[in-house]
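The questions below concern one protein model and the terms used to describe it. Each reply sets a computed value beside the definition that applies.

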Amino acid sequence: MSVAPFLSLDYQHRSIERELKQAFYRTLERGKFILGKEVDHFEKEFAAYHKSKYCISVANGHDALLISLKALGIDKGDEVIVPSHTCQATWLAVMNAGAKPVPVEVDPSTYTIDSLLIENSLTRKTKAIIPVHLYGHPCEMDKIMAIAKKNNLFVIEDNAQAHGATFKNKMTGSWGHCNATSFYPTKNLGALGDGGAIITSNKKLCDFARAFRNYGSEKKDVHSIPGVNSRLDELQAAILQIKLRMLDEWNETRRRTSNLYFGLLQNIGDIQLPPRENRETKPVYHQFVIQTSLREKLQAFLSKKGIETAVHYPIPIHLQKTYSYLRYKKGNLPVAERLAGKVLSLPVWPGLKKDQVEIVCSAVRKFFA
Ligand SMILES: Cc1ncc(COP(=O)(O)O)c(C=O)c1O
């Protein structure tokens with residue numbers, strides 16, 4: 001039996017079970033399941049949470065990125081800067097928009113794109129930068145926005161892993177021109193199925209995205225652009241409204257768990273801990289990711305003791321077959337390659353108990369002893 005599961009959503013769902021059931025019956029009784037009141041309310045609340053003007057909900061995080069790229073006019077022949085180490089959906093959305101993903105190495109101590117390296121990778125074809133707030137750690141958004149302004153580029157934040165994080169007191173997902181997020185069930189704000197959203201304060205981008213997600217329809221029966229079907233359904237929107245009210249509290253529990261880890265995992269073997277909250281960044285620890293050159297052995301040791309862990313992500317994106325057309329070889333992106341071999345995500349979910357964290361930490365200490 002698992003003494004520390006990698007993830008459990010039970011605690012979250014049990015604490016709001018009554019509201020979830022009410023949302024289900026309310027939606028069932030209303031009998032409207034696509035683009036109705038629930039979607040409308042959720043979009044308003046999620047935009048307000050970001051202190052942004054508009055939220056356009058969509059079917060998933062990949063589509064949120066893809067539609068953002070389309071809204072900004074990014075197309076065949078364009079280049080888009082992406083981090084070398086991220087969830088592969090970030091690169092895939094660029095590829096599916098017809099553009100070329102151009103990776104820039106991440107800072108291995110923060111897991112986010114190294115803003116000092118971005119300008120070296122710009123060409124005449126570069127149109128946008130997609131910073132990813134990976135594992136819940138905010139990117140240096142002030143520097144990235146300044147680079148974009150100087151070079152006339154768009155910024156699309158990928159905020160799928162950082163709902164509720166801030167950089168310099170401003171929400172991640174509200175800095176860029178058009179920002180994308182995912183409500184995949186395991187995210188800090190997760191639906192009970194797929195879901196995603198775009199956040200922007202630009203009316204033109206909002207209008208485009210609203211039409212694009214719904215077959216390119218500006219208003220009923222009028223179609224002006226070749227869009228797709230990428231809509232969040234009413235049931236998910238009703239559920240997300242309830243979970244959004246809990247997000248800050250649940251993020252706080254992730255921070256408390258992370259602080260326990262920081263205290264108990266000091267000076268063990270070659271373990272490198274993730275960045276801590278500081279004057280500028282307030283992370284939301286979507287994952288608590290440590291690094292060690294003994295990753296495989298440590299993971300197997302913990303597993304034997306009933307402690308589940310995960311690896312995000314074991315194969316560097318540039319070495320995946322999907323991107324072979326970009327002709328990257330082993331050695332081309334050494335930081336991403338090193339991270340793929342060293343990162344290990346420890347359990348960090350709302351409801352994880354103090355003694356479970358202590359069990360994880362004493363097992364880690366035992367392994368290195
Ligand atoms: C950083 C990042 N970007 C994009 C996505 C894509 O989201 P989805 O799975 O909803 O398409 C995810 C989640 O899987 C993610 O973690």
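Q: Which strands does helix α3 lie across, and at about what angle does the helix run to β1?
A: Helix α3, residues 37-49, lies across β1, β8 and β9 and runs at about 130 degrees to β1. Helices (H or I, at least four residues) and strands (E, at least two) are DSSP runs, numbered from the N terminus. Axes are lines fitted to C-alpha atoms, for helices over the stretch in contact, and angles run from 0 to 180 degrees between N-to-C directions. The model is predicted: local features need pLDDT of at least 70, side-chain atom pairs count only at pLDDT 80 or more, and totals for chains, interfaces and linings use all residues. Residues are numbered from 1 along each chain as its sequence is written, and side-chain values use heavy atoms, with hydrogens and water left out.

Q: What is the angle between helix α8 and β1?
A: Helix α8 (residues 203-212) lies across β1 and β9, at about 20 degrees to β1.

Q: What is the order of the three strands in the open sheet with antiparallel pairing?
A: The order is β1-β9-β8. Because β1 and β8 (179-182) each have a single partner strand, they stand at the edges, with one side left without a neighbour in the sheet. From one strand to the next, the twist averages 20 degrees.

Q: How many bridges join β1 to strand β9?
A: Five bridges join β1 to β9 (residues 196-200), and the two run antiparallel. Ile 56 stands opposite Ile 198 in β9.

Q: Why is Ser 57 called buried?
A: Ser 57 has a relative accessible area of 0%. Buried means under 20%, exposed over 50% and partly exposed in between (1.4 Å probe, protein chains only), so Ser 57 counts as buried. Ser 57 lies in strand β1 (residues 54-58). Leaving aside neighbours within four places in sequence, Ser 57 is in contact (heavy atoms within 4.5 Å) with residues including Val 39, Glu 43 and Arg 213.

Q: What is the order of the four strands in the open sheet with parallel pairing?
A: The order is β3-β2-β4-β5. β3 (100-104) and β5 (154-155) stand at the edges because each has a single partner strand. Helix α5 (residues 88-96) packs on this sheet and touches β2 and β3, its direction making about 175 degrees with that of β2. Five bridges join β2 (residues 79-83) to β3, and these strands run parallel; Pro 83 has Val 104 as its bridge partner in β3.

Q: Is Ile 81 buried or exposed?
A: Ile 81, found in strand β2, counts as buried because its relative accessibility is 0%. Among the residues that Ile 81 touches, not counting those up to four places away in sequence, are Val 102, Val 104 and Ile 113.

Methods
Two strands pair if DSSP finds at least two bridges between them.
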